[in-house]
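Here are my notes on the model. Please read them with the structure open.

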Amino acid sequence: MENLLKIRDLHVEYHTEDDVVRAVNGLNLDLYKGETLGLVGETGAGKTTTALSVMNLLPDRLGFITKGEIQLGDLDVLHASPSQLREMRGAEVSMIFQDPMTSLNPTLTIGEQIAEVLEIHAKEDKGDSASGRNPGKSGKSMRADQIGRRVDEILELVGLPPARKNEYPHQFSGGMKQRVVIAMALACEPRLLLADEPTTALDVTIQAQVLEMMRRLKEELGTAMLLITHDLGVVAETCDRVAIMYAGEIIEIGSVEDIFKGEGNHPYTEGLFGSIPDMTKSERRLHPIDGLMPDPTQLPEGCPFAPRCGKAADQCRSRKPAEVLHGTHMVKCHLWK
Ligand code: SF4
């Protein structure tokens, strides 16, 4: 499979007045064309920071990429010029956030908001006729009538009636608003979609509809997706591969089968599975993972999971485990040989 996104040894810090928060610590990740990779972990594991780093959108004067490499196709994201980054965002890679209300402008109709994305990228794409992926990349600005037609097409694609394009966000339900956000993200047919907990704020029935729609669109458009979630059920239904993140590192990665077959998992992944109810067993109690993730301002010297791991040995507290690969399955644990 062709590699679309390559991240190597990524380190990201947030600098506060008193402390340095080490949010991402030596992260390695590959994402292939057209695949869906689930990025799973607790709140604070560094999932959103990883996605924001790919967009090179860390908060100004607060978030810093101190080391590493991010390659999106041919583009070296960390050394790209501001104009290359503007071109990349939306046209090559788009991001969907958890709460659709914070992504939509309440003073513009949804049609105006989708059209705005197309207009901006049509202007930026002038002179780039290489890919021919959408009318905006034809080397010319799109005319108003072309934009209008494209807005209708995109709304239909996400299951919204084009007749409602002149309505404002407050006139839509939560699930419909998230469809609008997805429509905006897909307007320029990006090669990569970063979806940060896209269904967490929605009712369970609406979640299923939105996930089904995202899966269909991904197949129709051939878009690769990094799906950030803490919901293993969503991962099982939606993803091709799964990466488990803990304290700013990928500690396990593999196909859905590798992760869900329940053999040879990282102790943290075993703990995640132990924390969710198993309808096939009669056990009444869940087995949550004891303790909390380490303080990112004072990470332990060895394995970051050692303070919570029932299998920890002396070497775990003093030496970081290396990545061990068995076929498609990688685990970062001293127990793996
Ligand atoms: Fe547990 Fe040691 Fe493996 Fe870390 S390296 S997960 S502490 S056994």
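1. Terms and basis. Buried means under 20% relative accessible area, exposed over 50%, and partly exposed in between (1.4 Å probe, protein chains only). This is a predicted model, in which local features need pLDDT of at least 70, side-chain atom pairs count only at pLDDT 80 or more, and totals for chains, interfaces and linings use all residues. Residues are numbered from 1 along each chain as its sequence is written, and side-chain values use heavy atoms, with hydrogens and water left out. Helices (H or I, at least four residues) and strands (E, at least two) are DSSP runs, numbered from the N terminus.

2. Helix H10. In this helix, residues 267-274, the buried residues are Pro267, Tyr268, Thr269, Gly271 and Leu272. What covers them? The cover includes strand S3 (36-40), helix H8 (232-238), strand S9 (241-246), strand S10 (249-255) and helix H9 (256-260). Contact here means heavy atoms within 4.5 Å.

3. Ser255. This residue belongs to strand S10. Ser255 has a relative accessible area of 15%, so it is buried. Leaving aside residues up to four places away in sequence, Ser255 touches Asp240, Arg241 and Thr328.

4. The open sheet. Four strands make it up, in the order S2-S1-S4-S5, with antiparallel pairing. Strand S2 (20-32) and strand S5 (75-76) are at the edges with a single partner strand each, so one side of each has no neighbour in the sheet. Helix H1 (residues 47-54) packs on the sheet and touches S1, S2 and S4. The direction of H1 makes about 115 degrees with that of S1. Axes are lines fitted to C-alpha atoms, for helices over the stretch in contact, and angles run from 0 to 180 degrees between N-to-C directions.

5. The S1-S4 pair. Strands count as paired if DSSP finds at least two bridges between them. Strand S1 (residues 3-15) and strand S4 (residues 63-72) run antiparallel and are joined by eight bridges. Glu13 stands opposite Phe64 in S4.

6. Strand S6. Which faces of S6 (residues 93-96) are covered? Both are: Val93 and Met95 on one side, and Ser94 and Ile96 on the other, are all buried. In a regular strand, side chains alternate between the two faces of the sheet. S6 runs parallel to S7, and four bridges join them. Ser94 stands opposite Leu193 in S7.

7. Backbone points to check. Asp9 is not a glycine, yet its phi is positive, about 45 degrees. Asp9 lies in strand S1. Asp9 counts as partly exposed because its relative accessibility is 30%. Glu189 also has a positive phi, near 50 degrees, in a residue other than glycine. Glu189 sits in the loop between helix H6 (174-186) and strand S7 (192-196). Its relative accessible area is 19%, so Glu189 is buried.

8. The ligand shell. How many residues surround the ligand? There are 13, and the closest are Cys303, Cys309, Cys316, Cys333 and His334. A residue is near a molecule if one of its heavy atoms lies within 4 Å of it. The shell divides into ten nonpolar, two polar and one charged. Ala, Val, Leu, Ile, Met, Phe, Trp, Tyr, Cys and Pro count as nonpolar, Asp, Glu, Lys and Arg as charged, and the others, Gly among them, as polar.

9. Cysteines. Cys303 counts as buried because its relative accessibility is 11%. Cys316 is also buried, at 13%. With a disulfide defined as a pair of cysteine sulfur atoms within 2.5 Å, the count comes to zero.
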